Amino acid sequence: MKSKVAIYARLSREDEDKIDGNKSESRSIENQIKVLSDYARENDLDIYKIYYDDGYSGGNFERPEFKKLLKDMYQHKFDTILIKDISRLGRVVYKVGELIECIFPKNNIRVISLNDKYDSLTYNDDQSIVIRNFLNDYYLKEFKRKCRQARTHYARTKHLNYYPK
């Protein structure tokens, strides 16, 4: 029996390189979906649905399409989640760990992450996935810290760059 696959893609910020002015889907989302769809076809996996959240941080787990994916998972509409890498699920270590180690297995969901070369079906307890997840969380925290610093700096110095005409 063929696996029913849910493809999930996420991009955390608006991409300047949009397909065209009428679409809100970025090229990065499009590329993720193409690579994941090609993988599914090449591996004889039946694509149930494609979910994507464009412009949402991995620290936000209230993403609309991600919530739909979880709802459909609980309704047993698919048995495999296909992602580009683990960070597409999120960038908060304990939440992603809970998904991968508890929620997905409890619901008999297989997770395949292409860039991480991770497949929960054949996972051999290689701890590198844990380390990568930690690094994703660290990246998110550092990114937020740097954004706060930049905003604070801008707020303090913006009057220096103001030249009325």
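Tutor: Here is a walk through the salt bridges, pair by pair.

Keep in mind that this is a predicted model, so local features need pLDDT of at least 70 and side-chain atom pairs count only at pLDDT 80 or more, while totals for chains, interfaces and linings use all residues. Residues are numbered from 1 along each chain as its sequence is written, and side-chain values use heavy atoms, with hydrogens and water left out.

A salt bridge here is a side-chain nitrogen of Lys or Arg within 4 Å of a carboxyl oxygen of Asp or Glu. That rule gives 10 of them.

Let's start with Asp44 and Lys2, whose closest N and O atoms sit 3.3 Å apart. This one ties together distant parts of the chain, 42 residues apart: Asp44 is in the loop between helix 1 (27-42) and strand 2 (46-54), and Lys2 is in the segment before strand 1. (Helices are DSSP runs of H or I, at least four residues, and strands are runs of E, at least two, numbered from the N terminus.) Asp44 is partly exposed at 48% relative accessible area, and Lys2 is partly exposed at 44%. For the labels, buried means under 20%, exposed over 50%, and partly exposed in between, using a 1.4 Å probe and protein chains only.

Arg88 and Asp85 pair up at 3.5 Å, N to O. Arg88 is buried at 6%, and Asp85 is buried at 12%.

Then there's Arg110 with Asp119, closest N and O atoms 2.4 Å apart; Asp119 is buried too, at 13%.
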